[in-house]
Amino acid sequence: MTTPPPQGQAPYPPQGQNPYGQPPAGAPYPPQPGQQGVPQQPYPAYNQGGPVPPPQPRRRPIKTYLRIAAGVIVAVMALVGWWASRDDAETAAVGDCLKPASSSSDRMEVVDCSSSEAEVKVIKKIDGHYTQFTAEAECRKVEGATGFYAETGKGKEFLFCTKSA
């Protein structure tokens with residue numbers, strides 16, 4: 001059996017007071033086990049009961065935009081090159097008509113035979129490398145040929161024997 005506290009005294013110390021008395025002057029409370037030398041850190045914001053802010057959107061670095069732009073530019077240049085070369089003479093077949101690509105160029109372009117620009121018509125196409133002399137000699141063997149056009153040095157080499165359109 002326990003003895004009751006003396007009259008006028010509460011069985012427990014008032015809130016906020018240490019039940020074991022005050023520590024000696026200049027001596028702090030001893031650290032708790034596992035916390036020796038570790039300073040007390042406040043709880044992060046998400047443990048304080050408030051709403052958690054949404055994460056900040058990640059910004060793309062400028063290099064990403066530059067790579068995308070370079071890829072688009074290369075694709076556009078390839079498309080323009082293809083578009084410009086689709087009328088090149090190497091795409092011509094027997095029966096197609098040709099015209100000079102420009103007045104200062106010896107290159108030929110495919111055109112519609114009903115066009116006023118059509119100058120010559122292909123009557124024979126021969127693959128291979130031909131010089132001016134060998135091309136002329138080869139086209140003399142073709143009936144109806146009045147001229148020739150030889151494409152050399154571009155990887156695909158060929159000879160057209162032609163007649164006036």
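## Aromatic pairs

In this predicted model, a search of the whole structure finds two aromatic pairs, a pair being rings of Phe, Tyr and Trp (its six-membered ring) whose centres lie within 6.5 Å, with planes under 30 degrees apart counted as stacked, over 60 as edge-to-face and the rest as tilted. Tyr149 and Phe160 form a stacked pair, at 6.3 Å centre to centre and with 25° between the planes. Because Tyr149 lies in strand S4 (residues 147-151) and Phe160 in strand S5 (residues 158-164), this pair ties together parts that are 11 residues apart in sequence; strands here are DSSP runs (E, at least two residues), numbered from the N terminus.

The rings of Phe158 and Phe160 have their centres 4.8 Å apart and their planes at 50°, so this pair is tilted.

Tyr149 is buried, with a relative accessible area of 10%, where buried means under 20%, exposed over 50% and partly exposed in between (1.4 Å probe, protein chains only). Phe160 is buried at 0%, and Phe158 is likewise buried, with a relative accessible area of 0%.

Lys125 lies over the face of Phe158, at 5.1 Å from the ring centre; for a charge to sit over a ring, NZ of Lys or CZ of Arg must be within 6 Å of the ring centre and within 35 degrees of the ring normal.

## Basis of the values

Residues are numbered from 1 along each chain as its sequence is written, and side-chain values use heavy atoms, with hydrogens and water left out. As the model is predicted, local features need pLDDT of at least 70 and side-chain atom pairs count only at pLDDT 80 or more, whereas totals for chains, interfaces and linings use all residues.

Notes:
Helix = DSSP H or I, 4+ residues; strand = E, 2+ residues; numbered from the N terminus.
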